[in-house]
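Please report on the ligand site and the salt bridges of the structure below. Keep it brief.

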Amino acid sequence: MKCLCKSLKIFYPCFLLLFPSPLLLISLGILQPLSYIAGKKACCILMATLGNSANIFWHECPVGQAERQKLLNQKGCVVWITGLSGSGKSTLACTLGRELHSRGHLSYVLDGDNLRHGLNKNLGFAPEDRTENIRRVGEVAKLFADAGLICIASLISPYRKDRDSCRALLPDANFIEVFMNMPLSLCEGRDPKGLYKLARAGKIKGFTGIDDPYEAPSNCEIELRQINGVCPAPSEMAGKVVSYLDGKGFLQA
Ligand SMILES: Nc1ncnc2c1ncn2[C@@H]1O[C@H](COP(=O)(O)OS(=O)(=O)O)[C@@H](OP(=O)(O)O)[C@H]1O
Ligand SMILES: Nc1ncnc2c1ncn2[C@@H]1O[C@H](COP(=O)(O)OP(=O)(O)O)[C@@H](O)[C@H]1O
């Protein structure tokens, strides 16, 4: 075996030099597969140029998502709550987090307002800033799901293409979009932070629902709305999400 590996070590690079495949030639400079055989193990290192980074390598760790999920007895996923300011996103996120916790499930809330105090404090509310905000949170949510957690993201996330980009980061079933379909009049009537009042007075520019668009989802998994003009209690809405997660098998490994 050792002898075979030694021969491969010598002959494999020579073979590639003498007979480079068209695919290898095309990929040179963009993606360079470097294979080596050592002892009984064969591993493949991918060197890539991604975004603005060159010469970066993916390092695979021995403990994977499946093992973490088994440890936690649940499946990692992202519950993405979208809706107007004042529609009840944060309330639902926290109620859901509490409910999952009481059932013995590990979740984590990524709230737009809170993240803007740290990770996203260099971003404002111009369209490109909102897009970057959602992109970052989408990537963080993906990591939490990979860690095996039920990640609850609650952000206005007003643009459909940005939410769809976050969805595309995960296997489709693992991104559960929850639309807080509450009328603007209800949200504005609540106005717990007085922001709608300021927006109506022209003191805040580009406020979602007033002078910046909110694009309602067209393919969400869960839609929450008023029933006979009454908004369901947060616990009722959280219950719907828990039932969905349970039904799809996320609450077991
Ligand atoms: N111009 C403008 N438009 C909308 N919202 C505004 C704006 N300025 C400040 N705020 C406050 O910021 C909170 C929304 O942050 P998000 O990160 O969720 O927004 S976004 O997804 O990037 O659009 C939002 O919090 P919620 O009310 O919890 O939604 C507001 O309190
Ligand atoms: N299901 C609900 N029924 C009644 N009031 C609610 C409900 N959900 C949230 N609220 C109230 O509405 C206001 C806005 O809720 P919040 O969760 O902060 O919304 P968002 O995060 O979308 O801005 C808060 O004062 C909250 O107490």
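Ligand 2 is surrounded by 15 residues, each with a heavy atom within 4 Å of it. The closest are Gly86, Lys89, Ser90, Thr91 and Pro232. The model is predicted: local features need pLDDT of at least 70, side-chain atom pairs count only at pLDDT 80 or more, and totals for chains, interfaces and linings use all residues. Residues are numbered from 1 along each chain as its sequence is written, ligands are numbered from 1 in the order in which they are written, and side-chain values use heavy atoms, without hydrogens and water.

By class, the shell holds seven nonpolar, six polar (Gly counts here) and two charged residues. Helices α4 (89-102) and α10 (234-247) each supply at least two shell residues; helices are DSSP runs of H or I, at least four residues long. The largest share, three residues, comes from α4.

| Residue | Protein atom | Distance |
|---|---|---|
| Ser87 | backbone N or O | 3.2 Å |
| Gly88 | polar backbone atom | 3.0 Å |
| Ser90 | side-chain N or O | 2.8 Å |

Taken alone, ligand 2 exposes 550 Å², and the protein buries 71% of that (Shrake-Rupley method, 1.4 Å probe).

Now the salt bridges. The count is 13, taking a side-chain nitrogen of Lys or Arg within 4 Å of a carboxyl oxygen of Asp or Glu. One of them joins Asp212 and Arg130, with the closest N and O atoms 3.6 Å apart. This pair links distant parts of the chain, 82 residues apart. Asp212 lies in the loop between α9 (195-200) and β8 (222-225), and Arg130 in helix α6 (residues 127-146); strands are DSSP runs of E, at least two residues long.

Notes:
Polar contact = N/O pair within 3.5 Å; in protein donor to acceptor, adjacent residues only side chain to side chain.
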